[in-house]
Amino acid sequence: MKQQTFASQSIFEKYGRKSRRELFLDEMEVVVPWPELQALVEPHYPKAGNGRRPVGLAIMLRTYFMQQWFNLSDPGVEVAFYESFTLRRFAGVDLGVAPAPDETTVLRFRHLLEKHDLGGAMLDAVNLHLAARGIRIETGTIVDATIIHAPSSTKNEKKERDPAMRQTRKGKQWYFGLKAHIGVDAKEGHVHSVATSAANVSDVHMLPDLLHGEERKVWGDGGYQGQTKAIRQAAPKAQDMTCKRTRFKNYVDEAAKKKNTTKSKVRAKVEHVFRILKRVFGFDKVRYRGIAKNHHRLCANFALINLYLHRKHLAGTAA
């Protein structure tokens, strides 16, 4: 008896539904401002000449975004193209016409973006896109930081850990890696400022870099207490809404404790951003050595997170 191939079987399929990945990509197709983001890269992208014709910019930009969404390495995304019709369709790769971008092409495109600091430019462009659709940065900012782990092993070519990373203690646990510091709009919940440091750098040192200057209120956890002067220097009209100390040697300040609980309801928006970064996009470990490359990746991720946060609103306005 002759066995049918998968291709021949698919012709007669009557039942099927879209996977979660397909549904996600369909949403992103609608909400990502493709023309604006391609316009950022186009002046730096190589033009066709005497050498090998470059892969289309639209394909490479979509490939780069899929790397962020699905936490794919350069060789990983090449393999994924040959395994998944869904990814090929989204990126516009037709294997009947040309091969999928190989890992070297993907790496060179990533280096191009890093060289011209286009990750930060993408974050700014996305926030302008959101503002044009009524999702504006208001006068309140929530500041916070999270640790991104880095390999602590020395089993590599140089027999050493990444010299740009450091270890820090949180509670009774030690961590090695970097810190992602962000400023989040208190009303809409999207990221407007990003700073990256080694894990041992105190949160308060990066505070001025996370404020846009027009704040009326600044929220933060107990790690930012006592920084009223620094807040006022960066944002002269801002009120310090960071959580205060409540436990003392002989008593607990119940009034301050109650205020901290109220403040935490606003501050919780920043934790939602970190959840998407680490659990939805899978960025809980560094992929590259050094601070600069990982900072660029963080900026690109937060630009895409802002779109993901407001995808329903953006899809409605696009329709």
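Let's start with D74, which counts as buried at 8% relative accessibility. Keep in mind, everyone, that this is a predicted model. D74 has a charged partner: its side chain meets that of R110 in a salt bridge, 2.8 Å from N to O. Because D74 sits in helix 5, residues 74–83, and R110 in helix 7, the pair ties together parts of the chain that are 36 residues apart in sequence. And is R110 buried or exposed? At 4% relative accessibility, R110 counts as buried.

Let's stay with helix 7 for a moment. Helix 7 covers residues 103–115, and L112 has its place there. L112 is buried too, with a relative accessible area of 15%. Which residues does L112 touch, leaving aside its neighbours within four places in sequence? They are V41, H44 and Y45. Take H44 from that list: H44 and L112 are 68 residues apart along the chain, yet their C-alpha atoms are separated by 7.6 Å.

Now back to salt bridges. How many does a search of the whole structure find? The search finds 10. One of the pairs is R62 with E29, where the closest N and O atoms are 2.6 Å apart. This pair links distant parts of the chain, with R62 in helix 4, residues 57–70, and E29 in helix 2, residues 20–31, 33 residues apart. The two partners fall into separate classes: R62 counts as buried at 11% relative accessibility, while E29, at 33%, counts as partly exposed.

Next, please find E160 and R289. Their side chains meet in a salt bridge at 3.9 Å, N to O. Here the partners are in loops: E160 lies between strand 1 (140–149) and strand 2 (166–170), and R289 lies between helix 10 (254–280) and helix 11, so the pair ties together parts that are 129 residues apart in sequence. E160 is partly exposed, with a relative accessible area of 33%. R289 also counts as partly exposed, at 44% relative accessibility.

K18, E22, D26 and R89 are linked by salt bridges.

Let me finish in helix 11, residues 291–309, where we find H296. This histidine is buried, with a relative accessible area of 4%. What surrounds H296, if we leave aside its neighbours within four places in sequence? H296 is in contact with Y64, L113, E114, D117, L118 and G119. Do have a look at those contacts on the screen.

Methods:
Residues are numbered from 1 along each chain as its sequence is written. This is a predicted model: local features need pLDDT of at least 70, side-chain atom pairs count only at pLDDT 80 or more; totals for chains, interfaces and linings use all residues. Side-chain values use heavy atoms; hydrogens and water are left out. Helices (H or I, at least four residues) and strands (E, at least two) are DSSP runs, numbered from the N terminus. Buried means under 20% relative accessible area, exposed over 50%, partly exposed in between (1.4 Å probe, protein chains only). Contact means heavy atoms within 4.5 Å. A salt bridge is a side-chain nitrogen of Lys or Arg within 4 Å of a carboxyl oxygen of Asp or Glu.
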